[in-house]
Amino acid sequence: MVSMQREREDKYEVGLEFVLPDLEDVLPAGGRIEQGTVNLNSVYYDTDDRDLLRQKITFRRRTGDADVGWQLKVPADKARTEIRMPPGESDAVPDELAAMIAGVALGKPVHPVATLKTVRRTQRLLDRDDRLLAEVADDSVRGAVAGDRAVLSEWREVEVELGDAGDEKLLGKIGKRLTRRGAQPSRYPSKLSRVLSAAHLAGGDTTRTTVEAVLVDYLDAQVQAIVAGDVWLRRGLDPVHPTRVGIRRFRSTLRVFGRLFDKTARAELDAELSWYAGLLGEVRDRQVQRARFADALVALPSELVMGPVAARIENDLLAEQLRRTKEVMEALDGDRYRALLATLARWRTTPPLTAEAGDDPRVIDKCVRKAERKALTRVTTATAGDDDAALHRARKAAKRARYAAELAAPILGKKTAKKKAARFKKMQKILGEHQDSVVAAETLRSLGARAGTTPGENGFTFGLLYGLELQKARQAREDAARLAST
């Protein structure tokens with residue numbers, strides 16, 4: 001049986017003689033600390049080319065005193081989701097988990113790559129109702145890398161995992177106490193990456209300029225969303241929207257900061273991301289329209305809903321959505337998609353930067369300002385006319401300006417970046433409402449035409465909804481014009 005849970009943890013590197021600080025003072029009134037020790041044995045799996053590790057996914061089979069079973073850890077959005085299965089009698093990878101990692105493994109077989117034995121001393125911070133606030137794990141680790149030559153390593157690290165009753169502030173408080181004692185935020189996303197680095201089988205430390213670090217960190221976060229979406233799709237879940245957002249942010253970076261990337265590599269990747277986004281977009285459009293039209297029908301007086309309108313909308317759009325979803329799933333097992341994932345794995349750590357991506361942060365600021373000017377010009381011009389396509393292009397420009405400000409936060413400052421992003425987010429939202437109405441109106445026209453020629457149905461309600469969508473589009477155009485002029 002497969003289960004899932006979301007994790008939020010911070011990892012710290014410490015010396016063998018490190019002494020944990022007293023954490024009593026971070027507890028709320030009536031709270032307590034529960035201590036324990038467990039022994040954990042973990043066998044980590046990956047491909048020969050370390051494809052899972054390159055995508056920062058951890059896959060292991062754990063035995064020992066506690067926390068046993070198959071565990072697949074998928075990072076996204078500053079946290080990780082852990083998928084679990086019982087350990088079973090065999091060390092063969094369960095078919096269900098093998099299917100989930102087929103994308104990130106690029107269709108290659110996985111096998112044991114390292115074994116870690118951990119002595120874990122825990123401090124569980126509980127509130128007065130015995131709810132878990134956080135768990136501090138002091139791990140003494142011995143690792144061995146699989147292969148012809150024995151490579152052993154030993155270290156100590158501290159993990160602080162947030163409990164269901166805890167919050168981010170508590171993580172910060174514990175982290176401050178650890179760093180005051182000499183602990184350092186870990187350079188490694190997982191124990192596996194650390195043991196493989198010691199064996200020179202994973203990328204080592206990379207020194208980056210400020211500009212490089214800003215670009216790499218932002219691109220890495222977007223690839224996380226895309227890769228997590230791959231796993232969730234194979235699990236039968238619905239990550240279409242967050243996956244598309246990750247793609248949009250990545251493509252926006254390629255456009256706005258294009259001068260900082262190799263031209264050919266940038267163009268090739270942008271084209272492949274556009275292809276995949278298009279497949280997902282066909283699914284997302286039907287999802288949005290089904291919800292939109294359902295709400296619109298509820299808002300209408302019952303006497304204006306003539307015929308089986310809701311059934312026509314739901315049946316037709318759901319059938320299209322399922323057909324488009326099947327196309328996406330077929331693409332996930334294709335060579336073109338696997339090549340895209342392999343390219344993203346390289347870009348998330350070593351994007352092909354040009355000489356212009358030096359150590360002068362002003363280059364980021366210049367790109368952001370250019371994106372802002374372009375967005376404002378496009379919105380002003382588009383709202384002065386009646387070209388729907390121009391408004392759609394203006395919306396895309398507003399998105400790019402927003403995402404550029406988000407990326408540049410470490411350089412512009414959080415307050416300035418947040419203000420810039422908020423302005424263009426508002427603009428993007430209004431223009432998005434216009435585009436949604438334009439697309440919805442066209443869909444309603446098509447549905448209404450079918451209903452009008454089907455016995456027992458008529459197109460009246462579809463025409464009414466069509467008119468309401470045109471009104472919404474006009475209002476959104478006026479709202480965007482006012483916003484652009486302020």
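The model I am reading is a predicted one.

Entry 1: The protein has 486 residues, of which 48% count as buried. I recorded 14 helices and 10 strands as its secondary structure. Along the principal axes, the C-alpha atoms fill a box of roughly 75 × 55 × 55 Å. I also checked the range of the contacts: among those between residues at least 6 apart in sequence, 74% join residues at least 24 apart.

**Entry 2: the sheet.** I traced an open sheet of 10 strands with antiparallel pairing, in the order β1-β6-β5-β4-β3-β7-β8-β9-β2-β10. Its edge strands are β1 (3-7) and β10 (184-185), each of which pairs on one side only. Helix α3 (residues 168-180) packs on this sheet and touches β2 (9-14), β7, β8 (132-145) and β9 (151-162). I noted that the direction of α3 makes about 135° with that of β9. Helix α4 (residues 191-198) lies across β2, β3, β7, β8 and β9, and runs at about 155° to β9.

**Entry 3: strand β4 and its partners.** I then asked how many of the seven residues of strand β4 (residues 58-64) are buried. The count is five, so β4 is largely enclosed by the rest of the structure. On one side I found strand β3 (residues 32-46), paired with β4 in the antiparallel sense over five bridges; here Ser 42 stands opposite Arg 62 in β4. Strand β5 (residues 69-76) also pairs with β4 in the antiparallel sense, over five bridges. β4 and β5 form a hairpin with four residues between them. In the turn I noted Asp 67, which has a positive phi of about 55°.

I followed β5 onward to strand β6 (residues 79-85), to which seven bridges join it in an antiparallel run. Trp 70 has Met 85 as its bridge partner in β6.

**Entry 4: aromatic rings.** A search of the whole structure gave seven aromatic pairs. For Tyr 45 and Phe 59, I read a distance of 5.8 Å between ring centres and an angle of 50° between planes, so the pair is tilted. Tyr 45 lies in strand β3 and Phe 59 in strand β4, 14 residues apart. I looked up the burial of both: Tyr 45 counts as buried at 4% relative accessibility, and Phe 59 is buried with a relative accessible area of 0%. Ring pairs link Tyr 45, Phe 59 and Trp 70 into a cluster.

**Entry 5: Thr 118.** I located Thr 118 in strand β7 (residues 111-126). Is Thr 118 buried or exposed? Its relative accessible area is 5%, and because buried means under 20%, Thr 118 is buried. Leaving aside residues up to four places away in sequence, I listed its contacts as Val 38, Asn 39, Leu 40, Asp 139, Ser 140, Val 141 and Lys 191.

Entry 6: From α5, the contact is made by Leu 219, Val 223, Ile 226, Asp 230 and Arg 234; from α9, by Tyr 337, Leu 341, Leu 344 and Trp 347. I sorted the residues of this contact into seven nonpolar, no polar and two charged.

Conventions: Residues are numbered from 1 along each chain as its sequence is written. This is a predicted model: local features need pLDDT of at least 70, side-chain atom pairs count only at pLDDT 80 or more; totals for chains, interfaces and linings use all residues. Side-chain values use heavy atoms; hydrogens and water are left out. Buried means under 20% relative accessible area, exposed over 50%, partly exposed in between (1.4 Å probe, protein chains only). Helices (H or I, at least four residues) and strands (E, at least two) are DSSP runs, numbered from the N terminus. Two strands pair if DSSP finds at least two bridges between them. Contact means heavy atoms within 4.5 Å. Ala, Val, Leu, Ile, Met, Phe, Trp, Tyr, Cys and Pro count as nonpolar, Asp, Glu, Lys and Arg as charged, and the others, Gly among them, as polar. Rings of Phe, Tyr and Trp (its six-membered ring) pair if their centres lie within 6.5 Å; planes under 30 degrees apart count as stacked, over 60 as edge-to-face and the rest as tilted. Axes are lines fitted to C-alpha atoms, for helices over the stretch in contact, and angles run from 0 to 180 degrees between N-to-C directions.
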